[in-house]
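Please prepare a briefing on the structure shown below, grouped by topic and with the cut-offs behind each term stated once.

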Amino acid sequence: MHHNKLIQKALIVFMVSAGLLLSQGFRPVDAKDKTDDEKKPERLIVMAAEYPGVVVPADENVSIDLTFFNKGRSDESVDVWVAEKPKGWEARIKTYKFTVTGIHVPSGEDKRLTFEADPGKETKPGKYEFLVEAQTRDGQFKMSQTIMVEVKAKDVAKKEDKGVKLNTSYPVLQGPTDAKFEFSVEVDSKLDKDAVFNLFVQGPDGWDINFKPAYEDKYISSLRIKAGQSETVAVVVKPAASAKAGEYPINVRVATSEANGEVKLNVVLTGTFELEVGTASGLLSLDTRQGKPANMSFYIKNNGSAPNSNVKFMTFKPENWKVAFNPEKIDVIEPGKLQQVEVTITPNEEALVGDYSVNVKVDGEKASKTLEFRVTVKASSAWGWVGIGIIVAVIAGLIGLFRWLGRR
C-alpha cells in the first residue's frame, strides 16, 4: 500500500515537470520573437570590412565590401567616408554604380557598400593603409575600419595571371553613338577553390559601363565562381552623348587576391545622323505667276555627331513645274555645321491661279528631312490691263449709245 502511494507521487511530479517543459518548448512563435526583439538594444550598428587586409599585384585596383549590421530596434542612417588614404591613391565608397556618402540600414538588416581604391602610376610595391570612418547622423555611434593593402611587384603578379582567363566571342561591337552595347565575357576560373572575383573596367571618360549577370538586369561589382568552373558576365556600355565617331578601347579585368585576368574590348562608333532643315524666317510660302520663277533660301544643319555625306534633293511637285537647287548637291556637312541652299520654283505656263504644294526632301547619308513649300500662283498683270481696257471700251460704248439714242 505504501509502495503504491510512492508510485502515484512520482507520476504526479513527472507530469507536472513535463507540463512545465512543454509550456516552455511550445511557446508561440510571435511571443518568442517578441522576446528576442525585447532583448535587442534600442540602438546598435556596426561596420566591418569583408577583407581588412588584401594583397594585390602592382597597378591593381582594390575593391572590398563594407557591411553595416543594424542589431538594434531602430532604423539608422549612417554617413561614411574615406578618412585617410596613402599619397598617390584615389579611394571612394560606392554602390554598384554610384559614389555614395551615406547609407540607410533598417532595423535587423545588413547593408553593403564597396570600398574602392586605385593606385597612382608612381605607386611602388609595399604596404598601404586606409581608414574608413562612419557615424550615425546624430553622432551617437562612430565606427572606423582600417584596411591594409599590400602591393606586390609585377613579376609576382605575372605568376598569378594563370588563375583566371577571360574569353569573349565578339570583342568588337559597332553601332551609332546613341546605341547601347552589351559584351558577353566568360570568366574561367582555374583555381582549386571557390573565389569571389572583383570586376573592374576602364573606358573613355563620361561613358556608362556596368557589369550584370547574363539574362538579368541588376548590376554587380563582383562574381562568385566555384573551383575550376566558369561564369558568364555581361558588360553593358552606354557611350557619352557627345562621343564622336571612332574606335574606343575598353579594358575589363577580374581579380582576387590570388589571380587576375584581363580582356580588351572595342566599341566602334559610327556617330549619330540627324539633319535639321528650315528657313531663317520660318516661312515656307512664296508667290509667283505662271511661268515665272520664285526663289527662296533654306538651311540644312547637321545635328548628329558624324559627318553627313552626299546630301541630295528630291522634289514632289505639280506636273510640268520646274524646281532647281543651288548647289545641286552637298558633298558633306560636318557635325554642327550649317549649309544654305537656294531653291527656284517655276510654275507651268498654263498653271491656274491658286495655291500649290511643292515638297522638297533633303536626303542625307543616313538621315533625311522634308520641307513643304506653299506656292501661290497669281494672275498675270497683262490680264489686268486687258480687263481694264474691256471695261473702258464697254463704258465708252454705252456713252456713245446713249448719245445716239438722245439725238433721235
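Strands E20 and E27 run parallel and are joined by five bridges, where helices (H or I, at least four residues) and strands (E, at least two) are DSSP runs numbered from the N terminus, and two strands pair if DSSP finds at least two bridges between them. This is a predicted model, in which local features need pLDDT of at least 70 and side-chain atom pairs count only at pLDDT 80 or more, while totals for chains, interfaces and linings use all residues. Residues are numbered from 1 along each chain as its sequence is written, and side-chain values use heavy atoms, with hydrogens and water left out.

**The five-stranded sheet**

- E20 and E27 belong to an open sheet of five strands with mixed pairing, whose order is E20-E27-E26-E22-E24.
- The edges of this sheet are strand E20 (285–289) and strand E24 (330–333), each of which pairs on one side only.
- Neighbouring strands of the sheet are turned by 35° against each other on average, direction ignored; axes are lines fitted to C-alpha atoms, for helices over the stretch in contact, and angles run from 0 to 180 degrees between N-to-C directions.
- Ser285 stands opposite Arg374 in E27.

**Aromatic pairs**

- The structure holds eight aromatic pairs, counted where rings of Phe, Tyr and Trp (its six-membered ring) have centres within 6.5 Å, with planes under 30 degrees apart taken as stacked, over 60 as edge-to-face and the rest as tilted.
- The rings of Trp89 and Phe130 have centres 5.2 Å apart and planes at 80°, so this pair is edge-to-face.
- This pair links distant parts of the chain, with Trp89 in the loop between strand E4 (76–84) and strand E5 (90–94) and Phe130 in strand E8 (residues 126–136), 41 residues apart.
- Both Trp89 and Phe130 are buried, where buried means under 20% relative accessible area, exposed over 50% and partly exposed in between (1.4 Å probe, protein chains only).
- Phe298 and Phe373 form a tilted aromatic pair, with 6.3 Å centre to centre and 55° between the planes.
- Because Phe298 lies in strand E21 (residues 294–302) and Phe373 in strand E27 (residues 368–378), the pair ties together parts that are 75 residues apart in sequence.
- Phe298 counts as buried at 2% relative accessibility, and Phe373 is likewise buried, with a relative accessible area of 0%.
- Ring pairs also link Trp89, Phe115, Tyr128 and Phe130 into a cluster.

**Nonpolar cores**

- In the largest nonpolar core, which has 31 residues, Trp207 and Val237 touch the most other members; such a core is a set of buried Ala, Val, Leu, Ile, Met, Phe, Trp, Tyr and Cys residues joined through side-chain atoms within 4.5 Å.
- Among the elements that give two or more residues to this core are strand E12 (181–189), strand E13 (195–202), strand E16 (230–238), strand E17 (246–255) and strand E18 (260–269).
- Not counting residues up to four places away in sequence, Val237 touches Ala179, Lys180, Phe181, Phe183, Trp207, Asp208, Ile209, Ile250 and Val267, a contact being heavy atoms within 4.5 Å.
- A second, separate core of 30 residues includes Val54, Val78, Ile93 and Met143.

**Salt bridges**

- A search of the whole structure finds 14 salt bridges, each defined as a side-chain nitrogen of Lys or Arg within 4 Å of a carboxyl oxygen of Asp or Glu.
- The side chains of Arg43 and Asp138 meet in one of these, at 2.5 Å from N to O.
- Arg43 lies in the loop between helix H2 (29–39) and strand E1 (45–49), and Asp138 in the loop between E8 and strand E9 (142–152), so the pair ties together parts that are 95 residues apart in sequence.
- Asp138 counts as partly exposed, at 48% relative accessibility, and a network of salt bridges links Arg43, Glu76 and Asp138.
- Asp118 and Arg92 form a salt bridge through their side chains (2.6 Å, N to O), and because Asp118 lies in strand E7 (residues 110–118) and Arg92 in strand E5, the pair ties together parts that are 26 residues apart in sequence.
- Glu258 forms a salt bridge with Lys193, with the closest N and O atoms 2.7 Å apart.
- Glu258 is in the loop between E17 and E18 and Lys193 in the loop between E12 and E13, 65 residues apart.
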